[in-house]
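Me: I am new to this structure and would like a close look at one part of it. Could you walk me through the aromatic rings and what lies around them?

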Amino acid sequence: MKVVRKDFWKYISFGVFGMLGSSGTILADTFFVSNRLRAEGLAALNIAIAVFGLINGLGMMLGIGGATRYTICRSRKQYQEADQTFTLAFFSALGIGLLFLLAGIYGASRIAGFLGADSELLPLCVVYLRTVLCFAPCFILNHLFMAFIRNDGGPRLSMSIMIAGSLANIVLDYTFMYPLNMGIFGAALATGLSPVIGLGTASLHLLAGRNGFHFRRVKPGFSKLKYMAEPGIASFVNEFSFSVVLVVFNLLIMKFAGNTGVAAYGIVANLALIVLAVFTGISQGLQPLLSRAYGRGNSGEVRYLYQKGRLLAFLTGLAVLTAVYFFSAELVSLFNSGNDYHLQFLAEEGMKYYFVGFLFLGYNYVTISLFSTTSRSGSAFGMSFFRGCAGIIAAAYLLSAFWGIQGVWLAFPVVELMTMLIGLMQTGNKKDCVPLATVIK
């Protein structure tokens with residue numbers, strides 16, 4: 001168990017730092033756009049970045065799903081099947097990425113309109129969307145390689161891939177938007193080049209010959225694709241829910257507070273994205289360890305990892321909420337260079353309501369990760385779909401009908417609490433919350 005404890009902190013720390021680096025890509029755009037283009041640019045960006053939830057979600061579904069199957073196969077010494085899983089995941093990711101590229105070239109205007117851009121924000125949204133969608137294959141493949149390298153015994157390199165791309169994005173954001181004065185196109189171009197840097201870093205693992213995964217002939221088929229992607233479906237829903245919530249909240253907040261309200265939500269959402277990255281890092285760090293333990297049939301190790309993950313997630317959520325209540329004004333002011341009082345007030349109020357949800361979200365992410373890696377993908381999908389789509393949409397419309405914009409902010413914590421209760425009921429055993437029957441069938 002000493003080795004498991006050491007691996008727990010190793011994989012969790014690399015996962016968290018890596019995801020923080022990855023989330024810095026969007027945060028850097030938000031910071032530079034808000035300071036360079038003020039509230040109008042921030043509102044346009046907040047509408048356009050909804051597309052990232054779908055792109056990242058598909059990348060994580062194929063990456064985490066494929067890598068989970070890959071790890072289980074290798075732990076059972078099924079090396080040919082492990083390689084075929086990687087091959088199928090790679091070409092699926094490439095094909096989906098090319099479809100997004102074509103959508104960006106020919107349909108950016110329609111996509112921007114669908115996401116809620118009005119006539120004032122449409123030109124900025126179209127430029128941003130068209131640019132980043134052209135890099136969609138790189139975004140999806142980057143997620144794929146990060147997951148496989150992490151599961152291939154390279155959590156440090158997986159972290160480095162994300163951090164390298166994020167640091168490059170920050171430097172390029174500044175260069176393109178200030179000295180070169182390229183506007184929102186510069187922000188989009190910097191973001192698009194970020195996964196290119198990441199893929200360059202990932203190539204180090206392959207060129208050094210450390211990779212256990214290789215291309216191998218595989219006969220494609222829907223059933224094989226479904227089986228390969230199943231463990232990653234919950235991750236897809238979690239990421240895609242970001243886009244769903246963003247679109248729904250943008251439309252509702254625009255109704256109550258106009259474009260300034262959308263800009264305020266942009267601040268809240270992007271700060272929340274940093275916190276989400278921490279919880280995603282925890283769940284992704286747990287995933288290879290849970291997959292390995294489950295593949296070996298070690299239920300005690302699975303239980304230990306799950307309990308440690310839950311405790312860490314709760315303490316993280318408590319620390320985040322405390323920080324928000326003490327420093328919300330300072331955090332919002334980082335993105336309010338124009339000292340807009342209305343924007344400051346809306347964003348501060350929104351953070352204090354919205355961030356209560358992080359007390360419960362960590363438990364949900366860890367439980368979903370457990371279900372995904374222990375052949376309970378149906379339960380994982382159900383929790384993810386409720387918290388990310390059905391529940392949050394219904395709660396946002398219902399609560400906003402009674403309490404206006406405050407109801408919109410409250411929808412997130414209410415649904416996360418309800419999801420946690422659903423998870424507690426599904427794990428069944430109140431004593432240790434992961435009975436043997438849920439781990440080894």
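Reply: Counting ring pairs in this predicted model gives 20 aromatic pairs. One of them joins F86 and F90, whose ring centres are 6.3 Å apart with 40 degrees between the planes, a tilted arrangement. You can find both residues in helix α3 (residues 79–114), where they are four residues apart, about one turn of the helix. F86 and F90 are both buried.

Another pair to look at is F249 with Y265. The centres of these two rings are 5.4 Å apart and their planes meet at 45 degrees, so this pair is tilted. Here again, F249 is buried and Y265 is buried. Ring pairs also tie F249 and Y265 into a cluster with F279, Y354, F355, F358, W409 and F412.

Now follow F279, a member of that cluster, because F279 of helix α9 also takes part in the contact between α9 and α10. The axes of α9 (residues 233–296) and α10 (residues 299–333) come within 11 Å and cross at roughly 170 degrees, which means that α9 is roughly antiparallel to α10. On the α9 side, the residues in contact include I267, L271, V275 and Y294; among those on the α10 side are L305, G309, L312 and V332. Taken together, the residues of this contact are 18 nonpolar, three polar and two charged.

Key:
Residues are numbered from 1 along each chain as its sequence is written. This is a predicted model: local features need pLDDT of at least 70, side-chain atom pairs count only at pLDDT 80 or more; totals for chains, interfaces and linings use all residues. Side-chain values use heavy atoms; hydrogens and water are left out. Axes are lines fitted to C-alpha atoms, for helices over the stretch in contact, and angles run from 0 to 180 degrees between N-to-C directions. Helices (H or I, at least four residues) and strands (E, at least two) are DSSP runs, numbered from the N terminus. Angles under 35 degrees count as roughly parallel, over 145 as roughly antiparallel, 65 to 115 as roughly perpendicular and the rest as oblique. Contact means heavy atoms within 4.5 Å. Ala, Val, Leu, Ile, Met, Phe, Trp, Tyr, Cys and Pro count as nonpolar, Asp, Glu, Lys and Arg as charged, and the others, Gly among them, as polar. Rings of Phe, Tyr and Trp (its six-membered ring) pair if their centres lie within 6.5 Å; planes under 30 degrees apart count as stacked, over 60 as edge-to-face and the rest as tilted. Buried means under 20% relative accessible area, exposed over 50%, partly exposed in between (1.4 Å probe, protein chains only).
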